[in-house]
Amino acid sequence: MDIRTLSASFAVAPQIDSADIPAIAGQGFTHVICNRPAFESAPDQQPDIIRHAVEKAGLGWSDNPMAAMQLDMQMVLAQRVEGKVLAYCASGTRSAMLWALSQAGQMPTDDILTALAAAGYPMEQMRQQLDSLAQSMGSP
């Protein structure tokens, strides 16, 4: 399992398995977000299978699938979950991107991009989008 920290309360990972859930809970995560659409997942990694293991472990669950070219503000805002959150998708990239967008206006753009790069997801190309989103959300 390859968990990459973006902030004190948010991390991302490539596809997880139900067998990973005890370790995820053991690391203090309280909520898991699935950003991978079911149609992309292997039969033994379907979101419902992972959800069952997550809920059995007493963790919160959100299904927020992001398929190619299907990004909207509802998806972005769904990444804002209380607690220590682990979001996953095929490689962690979509989860990292959704986190970054959800932080626009909440954190300085430079800090968002630094966190992404430190976690292995350099996304400097998102700078203008993050700045525009922060401005539209009335960032301080």
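What radius of gyration would a compact globule with 140 residues have? It would be near 14 Å, and the chain has 14 Å, which agrees. The radius is taken over C-alpha atoms, and the globule rule is 2.2 Å times the number of residues to the power 0.38. The C-alpha atoms fill a box of roughly 40 × 30 × 25 Å along the principal axes.

This is a predicted model, in which local features need pLDDT of at least 70 and side-chain atom pairs count only at pLDDT 80 or more, while totals for chains, interfaces and linings use all residues. Residues are numbered from 1 along each chain as its sequence is written, and side-chain values use heavy atoms, with hydrogens and water left out.

The chain has 6 helices and 5 strands, in the order β-β-α-β-α-β-α-β-α-α-α. These are DSSP runs numbered from the N terminus: helices are H or I of at least four residues, strands E of at least two.

Buried residues, those under 20% relative accessible area with a 1.4 Å probe and protein chains only, make up 44% of the 140 residues. A nonpolar core is a set of buried Ala, Val, Leu, Ile, Met, Phe, Trp, Tyr and Cys residues joined through side-chain atoms within 4.5 Å. The largest has 26 residues, and Leu6, Phe10, Trp99, Leu116 and Leu130 have the most contacts inside it. Its largest share, 5 residues, comes from α4. Leaving aside neighbours within four places in sequence, Leu130 is in contact (heavy atoms within 4.5 Å) with Ala100, Leu101, Ala104, Thr109, Ile112 and Leu113.

Key. Buried < 20%, exposed > 50% of the residue type's maximum accessible area, 1.4 Å probe, protein only.
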